[in-house]
Amino acid sequence: MSTFHEMLLSIINLVGLLATVSFLYDNFKSLFSILKAVLEPYFRPQLPHTLPEKFGKWAENLYQTKVKWILADFSKGKEAYQHIKQELLDIPIGILVNNVGCAYCPDELCTQSEDLLWHIINVNVGAVTLMSRIVIPQMKKQGKGAIVNMASCAELQPMPLWAVYGATKRYVRSLSLAMERELCEHNISVQCVTPAFVSTEIIQFPENFPGKIFATPMETFARSAAFTLVITGGSDGIGKGYAKELAKCGLNVVIISHMREELIATAKEIENLYRTEVKWIVADFSKGKDVYEHIKDELLDIPIGILVNNVGYAASPDKFYNRSEDFLWNIININVGAVTLMSRIVIPQMKKQGKGAIVNIASGLALQPTPLWAVYAATKSYVRSLSLAMERELSEYNVTVQCVIPSFVLTKFIQFSELLSRGFSSSMLAVYEILSSVISLVGLLAAACFLYDNFKSLVSILKAVLGPYFRPHLPHSLPDRFGKWAVITGGSDGIGKGYAKELAKRGLNIVIISRTKEKLIATANEIENLYKTEVKWIVADFSKGKAVYEHIK
């Protein structure tokens, strides 16, 4: 028995040693890169001090250097780039600043024209992708270069009323971070600049936005509200799974794909299984703008209740600069264009019906920039940002927007990997069985500690998910839910004043705190007159630090 325990202990120690060595090996390169970046400047004093020395001679400025201009309309999409490539031929580009951008007066997605949506996708997504693709090969040959991509603070969170603009800038950030990782070994710097409002023509829109920014989102949706379901990419994979599952629930289905034979086969399969009506539409979303007029005609007079934006495009993992331009346009048109334009088509009808649901299929790669899948991950980051902003815009119309974030699913998407396609082999299962047989008391105690530490979190999650079903009489007004008083610091002006007015409008009494007595009095009088609620004001200068809080208390 003692011999068995010694053997078991030896095995556990060996596994621990191997795991530690593996961890150290996997992280050694990252650690080395960090140390190199931090210490290198101190040991390489002869680094070039000028931008031309560091990156090359071609980057425009105002100080007696050569300036070449190229006329190009990026909103035209793919056709603009051949001319640009010809004009840049034989010019040793050292720095590329991807600054071109397109914005619009804040408004709901469903009111934006299709032309505007294509313009913003072509300019904000297409230009940063294709221009980078053009210059990277040359920079790699030079062994130096820099790419500066202009994002926006709108990418830091989903932006209702700027849903598409914010999502395009989220794409830029994700793409930039992934490119940075891919290109660092070639001495090419990639920087993502995230400005807020800058005084340019891009912000010349009216001061008063439409829409209700503070509208409380709807928390429920009647599942039986829809009569017809539309699924893009519905002939295979996840889309086909959605089509079958929702047909099983009694919905009629419209499936859209570029593969006619698979569409017909899927339609017959669903009709035979569930006795529902299935309509199919052949459409190749990679063609961009041209395809949607046909889809709109086919969907005319069909009461769309649910849209599943599933169509997507990917390829084997590879570095961004190795991708062809055709590939880049295909993935932008399919992964960015389709989710935007299909939503734009169905939203007006859902608003009239006063009900509907849009399901956008993103990916686990939307959660972080992903080298080797830089563009794909950035498109899925766009989908997630767009979905969250659309959810906010459409809540008042009882239209639910859901963003699904799957990881690896056994579809044609993962056929590039034999391991992922076939799942775990029998030999791997045998290894797991062997490992499971050597679980020790230490492992059990560790698992128990983990479960104990996370028990409260688990209870909170279950409570949040199940609570609404067991508490049907939740308070609906803010005073009933949170109490009668709201305190707003910096409440005499700007955002704080906006919050004070909106919360007073909803029945709360207000305490506003600021250092400017006159503004406090004026704001208090304005709110009291408008909403007939009680307002108390406190003069306090928070820059004074600790001394101010006793008075506030």
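The model is predicted, and local features need pLDDT of at least 70, side-chain atom pairs count only at pLDDT 80 or more, and totals for chains, interfaces and linings use all residues. Residues are numbered from 1 along each chain as its sequence is written, and side-chain values use heavy atoms, with hydrogens and water left out.

The protein chain contains 17 helices and 12 strands, where helices (H or I, at least four residues) and strands (E, at least two) are DSSP runs numbered from the N terminus. Of its 553 residues, 39% are buried; buried means under 20% relative accessible area, exposed over 50%, and partly exposed in between, with a 1.4 Å probe and protein chains only. Among contacts (heavy atoms within 4.5 Å) with a separation of 6 or more, 73% involve residues 24 or more positions apart.

Strand β8 (residues 356-361) is largely enclosed by the rest of the structure, because 6 of its 6 residues are buried. In a regular strand the side chains alternate between the two faces of the sheet. In β8, G356, I358 and N360 point one way, while A357, V359 and I361 point the other way, and all are buried. Strand β7 (residues 304-309) runs parallel to β8 and is joined to it by 4 bridges; two strands pair if DSSP finds at least two bridges between them. V308 has V359 in β8 as its bridge partner.

Another region holds an open sheet of 3 strands in the order β10-β11-β12, with parallel pairing. Its edge strands, β10 (485-489) and β12 (535-539), each pair on one side only. Neighbouring strands of this sheet are turned by 15° against each other on average, direction ignored. Angles run from 0 to 180 degrees between N-to-C directions, and axes are lines fitted to C-alpha atoms, for helices over the stretch in contact. Strand β11 (residues 509-514) pairs with β12 in the parallel sense over 5 bridges, and I513 has I538 in β12 as its bridge partner. Helix α16 (residues 517-531) packs on the sheet and touches β11 and β12, with its direction at about 175° to that of β12.

Two packed helices are described by the angle between their axes and the distance between the axes. The axes of α3 and helix α4 (residues 114-142) come within 11 Å and cross at roughly 35°. The crossing of α3 past α4 is right-handed, a crossing being left-handed if the near helix is turned anticlockwise from the far one by less than a right angle and right-handed if clockwise. Y81, I84, K85 and L88 in α3 meet N122, G126, A127, L130, M131 and I134 in α4.

Y81 also takes part in aromatic pairing. Rings of Phe, Tyr and Trp (its six-membered ring) pair if their centres lie within 6.5 Å; planes under 30 degrees apart count as stacked, over 60 as edge-to-face and the rest as tilted. By this rule the count comes to 6 aromatic pairs. Y81 and W329 form a tilted pair, 6.0 Å centre to centre with 50° between the planes. This pair links distant parts of the chain, with Y81 in helix α3 (residues 81-88) and W329 in helix α9 (residues 325-353), 248 residues apart. Y81 counts as buried at 0% relative accessibility, and W329 does so at 4%. The pair of F285 and Y292 is tilted, because the ring centres lie 5.9 Å apart and the planes are at 50°. F285 is buried with a relative accessible area of 3%, and Y292 is buried at 0% relative accessibility. Ring pairs also link F74, Y81 and W329 into a cluster.
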